[in-house]
Amino acid sequence: MKLMLRWLLALIVLSVLTACSGPAASDEAAGEPLNLILGAYTTPREAYGELIPMFQAQWKERTGQDVTFEESYLGSGAQSRAIVEGFEADVTALSLEADVTRIVDAGLITHDWRSANYVQYNGMATTSVVSFAVRHGNPQNIHDWADLAQPGVEILTPNPESSGGAMWNILALYGAAKRGYVEGVPADDEAAATAFLLSVLKNVTVMDKGARESITNYEAGVGSVAITYENEVLVGQQNGQDYELVIPTSTILIENPIAVVDSYVDKHGTREAAEAFVEFLFTTAAQEVFARHGLRSLDPAVAQATADQYPAVSDLFTIEYFGGWSKAKPDIFGENGIYTLTIIEAQK
């Protein structure tokens with residue numbers, strides 16, 4: 001009888017311990033670190049180096065959970081294709097809308113990412129402008145687009161097949177010519193604008209795979225001018241480079257989108273954190289960080305506070321000048337596009 005009582009008592013103690021341990025184990029699982037995968041274009045790498053720890057601290061305070069980040073930086077087009085081909089980024093931050101559209105068309109982004117990401121900004125987290133990096137003292141007197149066609153100028157610009165920045169560069173160059181802001185090229189003269197594009201492309205000596213690789217190559221002493229994002233030049237100057245920034249009279253507004261990748265966040269169970277991270281990037285604090293790293297802020301207060309750092313452009317146009325990306329991409333970069341045929345001619 002005593003043996004039976006001891007056995008029953010043991011069973012009761014065991015059941016109590018099991019009941020107590022169940023919720024504890026569940027709570028521990030809920031508190032396990034969460035991993036977010038960021039697939040971004042190359043140029044804002046330094047900004048994300050500051051932004052990610054800020055978000056991690058906020059998320060920890062809000063939820064008690066640690067969040068880690070796996071970061072990948074490639075040329076925008078290459079990053080977009082990688083995500084479509086299986087790189088499971090929870091959040092993608094790219095150079096241009098067309099690269100997000102590729103992910104949408106693959107069925108991986110299923111929500112309206114433009115209205116979800118602060119509708120007043122149309123899903124764009126930051127902006128910049130196409131500009132030039134020139135050597136200290138500007139020895140070749142490069143001040144505007146027409147100067148890039150002069151003999152002896154060695155130009156670096158990335159490859160549009162892999163780089164979103166390269167597409168922006170070509171659109172800025174061709175658009176400025178077509179709008180009549182290049183000496184000797186009448187406004188709305190497509191043939192003259194194309195001829196000017198050819199004359200500049202003939203001076204291109206290196207086409208790297210991304211904007212960051214291009215400016216790094218320039219910093220190594222290659223070329224006399226780099227066509228690039230304004231923020232690449234500003235970040236380089238912050239890091240001690242002595243090249244100079246030249247903003248042409250007419251240039252295009254670079255608009256950089258960000259989106260949660262629905263298929264991958266649902267697969268990973270990371271939607272809440274991924275959406276919170278994207279929302280965080282539109283806060284004033286985050287926009288101030290972007291502005292410190294050379295990107296033009298969309299936040300009106302931050303933009304006003306940094307107006308001296310980011311001067312107005314005489315003729316600033318947008319992708320809508322070309323009919324939006326759905327028209328610009330095939331018309332300029334398609335198989336029979338203006339750039340595609342012109343670069344073939346330039347390489348002869």
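Colleague: What do the buried residues of H12 pack against?

Modeller: They pack against helix H2 (45–63), E4, H11 and helix H13 (300–305). The H12 residues concerned are Ala286, Gln287, Val289, Phe290 and Ala291. Helices (H or I, at least four residues) and strands (E, at least two) are DSSP runs, numbered from the N terminus. Just after H12, glycine 294 takes a positive phi of about 90 degrees. This is a predicted model, in which local features need pLDDT of at least 70 and side-chain atom pairs pLDDT 80 or more, while totals for chains, interfaces and linings use all residues. Residues are numbered from 1 along each chain as its sequence is written, and side-chain values use heavy atoms, leaving out hydrogens and water.

Colleague: What makes phenylalanine 282 count as buried?

Modeller: Its relative accessibility is 4%, and buried means under 20% relative accessible area (1.4 Å probe, protein chains only). Phenylalanine 282 therefore counts as buried. Its place is the loop between helix H11 (271–280) and helix H12 (284–292). Threonine 126 is 156 residues away along the chain, yet the two C-alpha atoms are separated by 8.9 Å.

Colleague: Why does threonine 342 count as buried?

Modeller: Threonine 342 has a relative accessibility of 5%, so it counts as buried. This residue lies in helix H15 (residues 338–346). Leaving aside residues up to four places away in sequence, threonine 342 touches Thr194, Leu197, Leu198 and Leu201; contact means heavy atoms within 4.5 Å. Over the protein, 50% of the 348 residues count as buried.

Colleague: What makes H3 roughly parallel to H4?

Modeller: Two packed helices are described by the angle between their axes and the distance between the axes. The axes of helix H3 (residues 76–84) and helix H4 (residues 97–105) cross at roughly 10 degrees and come within 9 Å. That angle makes H3 roughly parallel to H4, since angles under 35 degrees count as roughly parallel.

Colleague: Which residues make that contact?

Modeller: H3 contributes Ser76, Gly77, Ser80, Arg81, Ile83 and Val84, and H4 contributes Asp99, Arg102 and Ile103. By class, the contact has 3 nonpolar, 3 polar and 3 charged residues. Asp, Glu, Lys and Arg count as charged, Ala, Val, Leu, Ile, Met, Phe, Trp, Tyr, Cys and Pro as nonpolar, and the others, Gly among them, as polar.

Colleague: What covers the buried residues of H3?

Modeller: The cover includes strand E1 (34–41), strand E2 (67–74), strand E3 (91–93), H4, helix H6 (164–178) and helix H10 (262–268). The residues being covered are Ser76, Gly77, Gln79, Ser80, Ala82 and Ile83. Just after H3, glycine 86 has a positive phi of about 125 degrees.

Colleague: How many cavities of 30 Å³ or more does the structure hold, and what makes a space a cavity?

Modeller: There are 3. A cavity is a set of points on a 1 Å grid over the protein atoms alone where a 1.4 Å probe fits but cannot get out, and its lining residues have an atom within 4 Å of a point. The largest cavity has a volume of about 50 Å³.

Colleague: Which strand gives the most to its lining?

Modeller: E9 does, with 3 residues. Strand E4 (124–134) and strand E9 (250–260) each supply at least two residues of that lining. Phe290 is one of the residues lining the largest cavity, as are Ala125 and Thr126. By class the lining has 9 nonpolar, 2 polar and no charged residues.

How values were computed. 1 Å grid on protein atoms, 1.4 Å probe; cavity = no way out; pocket = protein on both sides within 12 Å on 5 of 7 lines; lining within 4 Å. Points joined across faces, edges and corners; volume = space filled by probe spheres on them. Axes fitted to C-alpha atoms, helices over the stretch in contact; angles between N-to-C directions. Parallel < 35°, antiparallel > 145°, perpendicular 65-115°, else oblique.
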